[in-house]
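The entries follow in the order of the look-ups.

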Amino acid sequence: MTNKGILIVFSGPSGVGKGTVMKKFIDDKSLKLTFSISMTTRNIREGEQEGVNYFYVTKEEFENAIKEGKLLEYASFVGNYYGTPVDYVNKLLNEGRNVILEIETQGALQVMEKVPEALTIFLVPPSMKELERRIRGRKTESDEVIKARLNKAKEEMNLAGKYKYVVCNDDPDKAAKTISNIIKRSMG
Ligand code: 5GP
């Protein structure tokens with residue numbers, strides 16, 4: 001058990017900049033991080049790659065994975081399923097890697113129950129106004145999806161207090177540095 005890696009849950013509302021911030025610390029070798037690739041039923045977006053951003057599956061395939069107990073957690077988010085394949089995460093943790101799950105709040109709550117020692121970090125925007133501007137600026141989605149994501153973002157913000165750390169993304173470099181420091185401290 002002593003060489004086991006840390007399970008890290010990283011959440012924040014849509015548009016807060018999780019991807020941008022994560023890119024700035026994920027390649028820091030001293031953090032020994034591996035990004036967990038989730039399964040989703042949502043459509044692949046331009047610029048994304050199968051097996052890199054997600055494993056894109058059908059609803060039926062996803063529901064089979066649930067039935068077979070293959071997911072550490074899962075949630076339905078704006079009409080699609082998202083979930084974390086448990087075997088891959090366990091394998092990496094046993095190899096001593098720190099595994100980062102970039103997941104929404106419902107799934108995060110499941111992980112907090114199952115793995116209370118997980119390091120949980122919530123990224124918040126400098127203001128709700130700024131968040132709305134960022135979500136609306138994402139041109140890849142329909143008005144309807146944008147509206148749903150905005151509502152969901154407000155709901156998710158209410159759960160920030162359940163996380164061990166809340167980090168503000170007023171500046172991505174600064175937020176990334178803060179998160180690196182949190183991880184380093186947890187590694188002991
Ligand atoms: P997106 O469609 O923008 O890639 O992701 C939508 C939301 O789903 C984001 O908040 C993201 O963190 C979350 N998400 C991605 N993968 C998973 C997962 O495996 N489980 C859960 N619960 N949420 C996920």
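**Contacts and fold**

I began with contacts: among those in the chain with a separation of 6 or more, 69% join residues 24 or more positions apart. I note here that the model is predicted.

I then looked up the secondary structure and found seven helices and nine strands in the chain.

Next I checked the overall dimensions. The C-alpha trace spans about 50 × 40 × 30 Å along its principal axes. For 188 residues a compact globule would have a radius of gyration near 16 Å, and the chain agrees because its own value is 16 Å.

**Burial, surface and charge**

I looked up burial and found that 47% of the 188 residues of the chain count as buried. The chain exposes about 10300 Å², and 49% of that area comes from carbon and sulfur atoms.

For charge, I have 30 positive and 26 negative charges in the chain, with their mean positions 5 Å apart.

**Aromatic rings**

How many aromatic pairs does the structure hold? I count eight. I took one of them, Tyr 54 with Tyr 56: the pair is edge-to-face, at 5.9 Å centre to centre and 70 degrees between the planes.

Technical notes
Residues numbered from 1 in each chain as written. Predicted model: local features only at pLDDT ≥ 70, side-chain atom pairs only at ≥ 80, totals over all residues. Heavy atoms only, no water. Helix = DSSP H or I, 4+ residues; strand = E, 2+ residues; numbered from the N terminus. Rg over C-alpha atoms; globule rule 2.2 N^0.38 Å. Buried < 20%, exposed > 50% of the residue type's maximum accessible area, 1.4 Å probe, protein only. Contact = heavy atoms within 4.5 Å. Areas by Shrake-Rupley, 256 points an atom, 1.4 Å probe, with all protein chains shown as cover. Lys, Arg positive; Asp, Glu negative; His and termini not counted. Charge placed at Lys NZ, Arg CZ, Asp CG, Glu CD. Phe/Tyr/Trp six-rings, centres within 6.5 Å; stacked < 30°, edge-to-face > 60°.
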